[in-house]
Amino acid sequence: MKNIFVDGYNVINSWSNLKKEKEISLDSARQKLIDILHNYGAIHQCKIMLVFDGYRVVGNLENKYEYNKNITVIFTKSGETADAYIEREIHNIGRRFEVSVVTSDSLEQQTIFQRGATRMSSIEFNNEVKKSQNSLREEISKINSKTRTTLVDSIEDEEVRKKLERIRRNLL
């Protein structure tokens, strides 16, 4: 299973819809990102670790909770950045798992790449998420159109179908 580490505030500040949401409420922007990532993780069958900086919050202890089976939300401890947490975790995982990191921090991208993880900028990831959402919408639309039935579909007698078609066209 692929593991994806996401620098939460980096993504919130890079995606226009989340940036606007943040102006209203930071909690709301975080929750919206969690919901988006939850859907993405379910579609792609991957484990997502969403990491938020807690380094500016004095006395903050690391807080980690499983949102569901495919997403874990982490708030780093006081004095630790999301980048530092991600680097440490990737170092601990080593090259045993397929790991990707979503951040637009160029120094962080170089560091994680050296440790065997792939990287994706926040904007690239936004495009990937949108592509997944559109693909899912198309699949749902196809399924819905296949399951849609009409009255004519349920009539087995061909003569009755023809008569109904003539009535519909005012040919009787």
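Helices (H or I, at least four residues) and strands (E, at least two) are DSSP runs, numbered from the N terminus.

Before going on, a word on the model: it is predicted, local features need pLDDT of at least 70, side-chain atom pairs count only at pLDDT 80 or more, and totals for chains, interfaces and linings use all residues. Residues are numbered from 1 along each chain as its sequence is written, and side-chain values use heavy atoms, with hydrogens and water left out.

Back to α4. Which of its residues are buried? They are Ala82, Asp83, Tyr85, Ile86, Glu89, Ile90 and Ile93. Buried means under 20% relative accessible area, exposed means over 50%, and partly exposed is in between (1.4 Å probe, protein chains only). Looking down the axis of α4, these buried residues fall within an arc of 160°, so they line one face of the helix. That arc is taken from the directions from the helix axis to the C-beta atoms.

Now for the cores. In soluble globular proteins, nonpolar side chains tend to be buried together. A nonpolar core is a set of buried Ala, Val, Leu, Ile, Met, Phe, Trp, Tyr and Cys residues joined through side-chain atoms within 4.5 Å. The largest one here has 23 residues, and Val6, Trp15, Leu33, Leu37, Ile48, Leu50 and Phe52 have the most contacts inside it. Two or more residues each come from β1 (2–7), α1 (8–14), α3 (26–44), β2 (46–52), β4 (71–75) and α6 (122–147). Helix α3 gives the largest share, six residues. Leucine 37 is in contact (heavy atoms within 4.5 Å) with Val6, Ile48, Leu50, Ile71 and Phe125, leaving aside its neighbours within four places in sequence. Apart from this core lies another, of 12 residues, including Ile74, Ile90, Ile93 and Ala117.

Not counting residues up to four places away in sequence, asparagine 10 touches Thr103, Ser104, Asp105 and Ser122.

The structure also holds eight salt bridges, each a side-chain nitrogen of Lys or Arg within 4 Å of a carboxyl oxygen of Asp or Glu. Three of them are tabulated here.

| Salt bridge | N to O distance |
|---|---|
| Glutamate 21 – lysine 32 | 3.8 Å |
| Arginine 30 – aspartate 27 | 2.2 Å |
| Glutamate 80 – arginine 88 | 2.3 Å |

Glutamate 21 in helix α2 (residues 16–24) and lysine 32 in helix α3 are 11 residues apart, and the pair links distant parts of the chain. Glutamate 21 is buried at 18%, while lysine 32 is partly exposed at 33%. Arginine 30 and aspartate 27 both lie in α3, three residues apart, about one turn of the helix. Arginine 30 is buried at 15%, whereas aspartate 27 is exposed at 53%. Glutamate 80 is buried at 8%, and arginine 88 is partly exposed at 32%. Glu80, Arg88 and Glu89 are linked in a network of salt bridges.
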